[in-house]
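Keep the sequence and the coordinates open while reading.

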Amino acid sequence: MARLRLTLTAAAIAGAALLASAGPAAACPADPRADPVTWEYDGVYDCSKATVGHGVRTYTKPSPVAFVVIRTGGTYFVSDLGDANEGDRTYTFDRSIRFVITCNFTDA
């Protein structure tokens, strides 16, 4: 009986160690929309990502920027391409902005 208990205890410890080591990495895959390369469309745009200060709910996109991708909470907002060259645009959101991906035109 003691041997069975020892075997079960060892199996439980090994299982817990396996779950602990794989837990954070296996919990959820990275969202490809958070990667600037996703928005570059095979070199048509050059995109970069920047975090925004805590509690910020507005973002002003400069006119020469082609478009921006703004994440607020779990939502992604993509500005219109038509906004480029029409002057700066300010976007306001109900939730704090997590990050902004800025995309500029390339010569491709």
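**Rings, sulfurs and backbone**

W39, Y41, Y45, F67 and F105 are linked into a cluster by ring pairs. The model is a predicted one.

Q: Which pattern do the elements follow along the sequence?
A: The protein has 1 helix and 6 strands. Read along the sequence, the order is α-β-β-β-β-β-β.

Q: What percentage of the contacts between residues at least 6 apart join residues at least 24 apart?
A: Contact here means heavy atoms within 4.5 Å. Take the contacts between residues at least 6 apart in sequence. The part that joins residues at least 24 apart is 67%.

Q: Which strands does the pair of Y45 and F67 link?
A: Y45 and F67 are 22 residues apart, so the pair links distant parts of the chain. Y45 is buried at 11% relative accessibility. F67 is buried as well, at 4%. The strands are β1 for Y45 and β3 for F67.

Q: What is the geometry of the aromatic pair F77 and Y91?
A: The ring centres of F77 and Y91 are 4.9 Å apart, with 55 degrees between the planes. F77 sits in strand β4 and Y91 in strand β5, 14 residues apart. Stacked needs planes under 30 degrees apart and edge-to-face needs over 60. The pair of F77 and Y91 is tilted.

Q: F77 or Y91: which is buried and which is partly exposed?
A: Buried means under 20% relative accessible area, and exposed means over 50%. F77 has 28%, so F77 is partly exposed. At 11%, the buried residue is Y91.

Q: Which ring does the charged end of K49 sit over?
A: The charged end of K49 lies 4.2 Å from the ring centre. A charge counts as over a ring if it is within 6 Å of the centre and within 35 degrees of the normal. The ring belongs to F99.

Q: Right-handed or left-handed: what is the disulfide of C47 and C103?
A: The answer comes from the torsion about the S-S bond. That torsion is about 115 degrees, so the disulfide of C47 and C103 is right-handed.

Q: Is C28 buried or exposed?
A: The cut-off for exposed is over 50% relative accessible area. C28 has 57%, so C28 is exposed.

Q: Where does T102 lie, and which residues is T102 in contact with?
A: T102 lies in strand β6, residues 97-105. T102 is buried, with a relative accessible area of 16%. Neighbours within four places in sequence are left aside. The contacts are D46, C47, S48, Y59, V65, F67 and V68.

Q: What separates the C-alpha atoms of V65 and N104?
A: V65 lies in the loop between β2 and β3. V65 is buried at 5% relative accessibility. V65 and N104 are 39 residues apart along the chain. Their C-alpha atoms are separated by 5.0 Å.

Q: What is the phi of Y41, and what is the phi of D42?
A: Most residues other than glycine have a negative phi. Y41 and D42 both lie in the loop between α1 and β1. Y41 is partly exposed at 45%, and D42 is exposed at 83%. Phi is positive in both: about 45 degrees for Y41 and near 55 degrees for D42.

Methods:
Residues numbered from 1 in each chain as written. Predicted model: local features only at pLDDT ≥ 70, side-chain atom pairs only at ≥ 80, totals over all residues. Heavy atoms only, no water. Helix = DSSP H or I, 4+ residues; strand = E, 2+ residues; numbered from the N terminus. Buried < 20%, exposed > 50% of the residue type's maximum accessible area, 1.4 Å probe, protein only. Disulfide = S-S within 2.5 Å. Phe/Tyr/Trp six-rings, centres within 6.5 Å; stacked < 30°, edge-to-face > 60°.
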